[in-house]
Amino acid sequence: MCRWLAYWGTPVLLDTILYRPAHSLIDQSLHSRMGMETTNGDGFGVGWYSAHSETPALLRDVGPAWNNRNLRELADHVRSPLFFAHIRASTGTAVQQSNCHPFRHGRWMFMHNGAIDGFRLMRRELTLLVDPALYPDIEGTTDSEVMFYLALTFGLDRDPPASVAAMAGVVERVGREHGVEFPLQMTLAVTDGDRVWVFRYSTARASRSLFYSSRVETLRRLHPDLAFLRDVSGETRLIVSEPLGDLPGAWHEVPENSYGVVQPGADELHRFAPTPA
C-alpha cells in the first residue's frame with residue numbers, strides 16, 4: 001500500500017513537515033510501522049498551492065523519497081499553507097511517474113492509500129463510467145486515478161462527500177458483479193486548495209490506519225517547549241497515515257467508516273457510507 005500526509009494551516013516550509021518529524025514521511029518510506037509494507041519506495045509525490053496560481057504544483061518521481069536530491073532541495077525553499085505528500089508501494093500497477101500520487105485536475109488534488117481488489121477484472125467497466133470529457137486526462141494505469149476521475153464524474157466540484165460516496169458505491173457494485181467479496185479499501189484525501197476532505201472506509205470494515213492531529217491549543221498546553229507550536233495558527237492540522245512521532249496526546253485515530261473536513265473555522269467529522277449504485 002502507501003503512506004501519505006496532508007497539511008493545512010499556517011504557511012510552512014515543506015521541510016518542516018516532510019523531514020523534521022521523528023517519524024517523518026521520509027522515515028516511513030523506509031520504516032513504516034503501520035503499513036502493509038515496511039518499505040514504500042515505488043515513487044513519491046508532493047503537491048502544494050501558492051498565491052501565484054489557482055492550480056497546485058506537483059513534484060512526482062518514480063524513485064524512492066529517501067534519497068531524492070531534488071525533493072531535499074525543494075523542501076528547504078517551498079512554503080505553502082497546504083501540502084499533500086505521498087510515498088508509494090505499488091499494488092501491482094507499473095512504477096512510472098504518471099502512477100505517482102497526488103493526482104491533479106484543475107484546482108483539485110487527490111491521493112489514496114488502499115486498493116480496488118480485483119481491479120484488473122473491472123478496470124474497463126469502471127473506466128468507461130468516467131465522463132467522456134474527463135477521460136482524455138487520465139494519464140496512468142492505477143485504480144487510484146480511476147477513483148479520482150469517477151469522483152470528478154459524480155460531482156466533486158459540487159459536493160465532495162457525495163461524489164466520493166457515489167464512487168465507492170459504484171466500485172462495490174462492479175466488484176461484486178465480478179465476484180469480489182470486499183472490493184474497496186481506501187484512506188484518501190482530496191482538496192480544492194481551500195478545504196481538505198479525508199475519508200477512511202473499506203468494504204471489509206477493516207480500513208488502513210489514518211490519524212489527525214490534536215488542536216494546536218491542546219498541544220501547546222501539553223508541550224509548551226515545542227517552538228513549532230508557537231508559530232502556527234490554532235486552525236493548523238495534519239492528517240497522516242501514521243503518527244509522525246510519539247508525543248503524548250498529539251494524535252487521534254480517524255474512526256472507521258468516516259470522513260472529515262479541515263477548513264476555516266470548525267473542522268467536521270461525519271459518518272461515511274457508499275451510495276448504493
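Visitor: Is tyrosine 149 buried or exposed?
Guide: Keep in mind that this is a predicted model. The cut-off for buried is under 20% relative accessible area. Tyrosine 149 comes in at 2% relative accessibility, so the label is buried.

Visitor: Which geometry does the aromatic pair of phenylalanine 148 and tyrosine 149 have?
Guide: Phenylalanine 148 is buried too, with a relative accessible area of 0%. The ring centres of phenylalanine 148 and tyrosine 149 are 5.4 Å apart, and the planes make an angle of 65°. Planes over 60 degrees apart get their own class, so this pair is edge-to-face.

Visitor: And what about the rings of phenylalanine 199 and tyrosine 259, stacked or edge-to-face?
Guide: Their centres lie 5.5 Å apart, with the planes at 25°. Stacked calls for planes under 30 degrees apart. That angle qualifies, so the pair is stacked.

Visitor: How many residues apart in sequence are the parts that this pair ties together?
Guide: Phenylalanine 199 belongs to strand S8 (residues 196-202). Tyrosine 259 belongs to strand S12 (residues 258-262), so the pair links parts separated in sequence by 60 residues.

Visitor: Which residues form one aromatic cluster with Phe199?
Guide: Phenylalanine 199 is buried at 0% relative accessibility, and tyrosine 259 is buried at 14%. Those two share one aromatic cluster with two further residues. Besides Phe199, the members are Tyr201, Tyr259 and Phe272.

Visitor: Which residues touch the most other members of the largest nonpolar core?
Guide: That core has 36 residues. Phenylalanine 272 has contacts beyond its neighbours within four places in sequence, including Met186, Phe199, Tyr201 and Tyr259. The residues touching the most other members are Leu126, Met186, Phe199 and Phe272.

Visitor: How many residues are in the other core that lies apart from it?
Guide: Val12, Trp48, Val78 and Val216 are among the residues of this other core. Its count is 25 residues.

Visitor: What is the volume of the largest cavity?
Guide: Searching the whole structure turns up 2 cavities of 30 Å³ or more. The lining of the largest cavity includes Cys2, Arg88, His101, His112 and Asp143, and S6 and H5 each supply at least two lining residues. As for volume, the largest cavity has about 80 Å³.

Visitor: Which element gives the most to the lining of the largest pocket?
Guide: The largest pocket holds about 560 Å³ of space. Its lining counts 25 residues, with Pro21, Leu226, Phe228, Leu238 and Leu247 nearest the centre. Helix H1 (14-18), helix H7 (216-222), helix H8 (227-230) and strand S10 (237-240) each contribute at least two. The most, 3 residues, comes from H8.

Visitor: Which ring does the charged end of arginine 72 sit over?
Guide: For a charge to sit over a ring, CZ of Arg has to be within 6 Å of the ring centre. The charged end of arginine 72 is 3.9 Å from the centre of its ring, and that ring belongs to tyrosine 19.

Definitions and conventions: Residues numbered from 1 in each chain as written. Predicted model: local features only at pLDDT ≥ 70, side-chain atom pairs only at ≥ 80, totals over all residues. Heavy atoms only, no water. Phe/Tyr/Trp six-rings, centres within 6.5 Å; stacked < 30°, edge-to-face > 60°. Buried < 20%, exposed > 50% of the residue type's maximum accessible area, 1.4 Å probe, protein only. Helix = DSSP H or I, 4+ residues; strand = E, 2+ residues; numbered from the N terminus. Lys NZ or Arg CZ within 6 Å of the ring centre and 35° of its normal. Core = buried A, V, L, I, M, F, W, Y, C linked by side-chain atoms within 4.5 Å. Contact = heavy atoms within 4.5 Å. 1 Å grid on protein atoms, 1.4 Å probe; cavity = no way out; pocket = protein on both sides within 12 Å on 5 of 7 lines; lining within 4 Å. Points joined across faces, edges and corners; volume = space filled by probe spheres on them.
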